[in-house]
Amino acid sequence: MKRIALGVQYNGADWQGYQVQPHGCTVQDKLEQAIEKFACVPIGTTCAGRTDAGVHALGQVVHFDTELQREMHAWVRGINAFLPDSIGVRWAKELHEVVAYGEAEFDPAADFHARFSARSRTYHYLLYNNAVRAPLLAGRAGFTHRPLDIERMRAAVVPLIGTHDFSAFRAAGCQAKTPVKDMQEITIERHGDMILFTLRASAFLHHMVRNLVGALVYVGQGREDVSWLGELLAGRDRTVAAPTFMPDGLYLADIEYDAKWGLPQETPRILPAF
């Protein structure tokens with residue numbers, strides 16, 4: 001038995017999230033159907049982080065266990081042959097062999113887990129800020145027509161950096177064991193009418209990124225003070241925060257693992273208008 005990791009990208013606009021559902025219209029449903037068609041046996045997968053309906057992924061990571069003997073390029077091409085155009089496997093890595101890392105040797109198959117071995121997750125949120133919506137960005141970027149002040153939003157995120165209780169930005173149905181997360185970095189860039197939010201943390205709560213973006217939009221529009229996000233964080237009350245922002249512009253960008261796993265991860269910036 002060996003463990004294989006896959007790097008997966010998808011456009012989530014046509015799918016009802018990542019996690020398998022009875023209706024069969026999720027990314028995991030289509031991925032596992034494609035793996036079964038290629039492998040000729042059912043194979044379950046585990047992902048690094050589940051995404052909601054309409055949310056995209058540039059660097060999702062999944063793993064599965066199998067006794068089948070296949071070259072890594074065969075797994076990539078074989079699975080892709082049975083996937084729809086909006087979902088694709090970018091790379092595959094077999095994790096049963098002992099690999100050299102410095103002076104020590106590790107057996108990744110004994111410990112690697114797509115979710116629990118992750119050291120951090122990075123999300124992008126792409127927002128189109130113009131008086132008129134852009135039809136070609138529908139489903140691929142969020143949209144707000146009121147002008148946004150980048151400097152106000154940058155100042156507003158300062159209190160969020162570090163380890164905090166993020167209950168104020170947590171969905172009611174969130175199943176995480178704890179609302180305490182380590183927010184490692186938040187950057188906000190403007191490229192013409194496009195604004196790119198990048199958030200990196202140990203992990204994220206359900207709807208956490210979209211709730212943070214919604215609050216930042218309020219600050220950027222001048223509807224709330226720069227100090228508002230810090231006040232929300234301290235108050236831990238979701239009911240007084242901004243509404244959850246649309247999923248269209250949210251991208252699971254990268255999952256960081258220890259270099260000892262030797263995963264051939266990419267750092268893509270394949271985003272609309274970039």
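A salt bridge here is a side-chain nitrogen of Lys or Arg within 4 Å of a carboxyl oxygen of Asp or Glu. Keep that in mind as you open this predicted model, where local features need pLDDT of at least 70 and side-chain atom pairs count only at pLDDT 80 or more, while totals for chains, interfaces and linings use all residues. Residues are numbered from 1 along each chain as its sequence is written, and side-chain values use heavy atoms, leaving out hydrogens and water.

**Stop one: Asp 65 and Arg 3**

By the salt-bridge rule, the count is six. To begin, select Asp 65 and Arg 3, which form a salt bridge with their closest N and O atoms 2.7 Å apart. Asp 65 sits in strand β3 (residues 56–66) and Arg 3 in strand β1 (residues 2–10), so the pair ties together parts that are 62 residues apart in sequence. Strands (E, at least two residues) and helices (H or I, at least four) are DSSP runs, numbered from the N terminus. Buried means under 20% relative accessible area, exposed over 50%, and partly exposed in between (1.4 Å probe, protein chains only).

**Stop two: Arg 154 and Glu 151**

Next, select Arg 154 and Glu 151, whose side chains meet in a salt bridge at 2.8 Å, N to O. Both belong to helix α4 (residues 150–156), and being three residues apart they are separated by about one helical turn. Glu 151 is exposed at 52% relative accessibility, while Arg 154 is partly exposed at 36%.

**Stop three: helices α1 and α2**

Finally, show residues 27–39 (helix α1) and 72–80 (helix α2), whose axes come within 8 Å and cross at roughly 115°. Axes are lines fitted to C-alpha atoms, for helices over the stretch in contact, with angles from 0 to 180 degrees between N-to-C directions. That makes α1 roughly perpendicular to α2, a label for angles of 65 to 115 degrees.

Which residues of α1 meet α2? Select Leu 31, Ala 34, Ile 35, Phe 38 and Ala 39 in α1, and you will find them meeting Ala 74, Trp 75, Gly 78 and Ile 79 in α2 (contact means heavy atoms within 4.5 Å). By class, this contact has eight nonpolar, one polar and no charged residues. Ala, Val, Leu, Ile, Met, Phe, Trp, Tyr, Cys and Pro count as nonpolar, Asp, Glu, Lys and Arg as charged, and the others, Gly among them, as polar.

How values were computed. Parallel < 35°, antiparallel > 145°, perpendicular 65-115°, else oblique.
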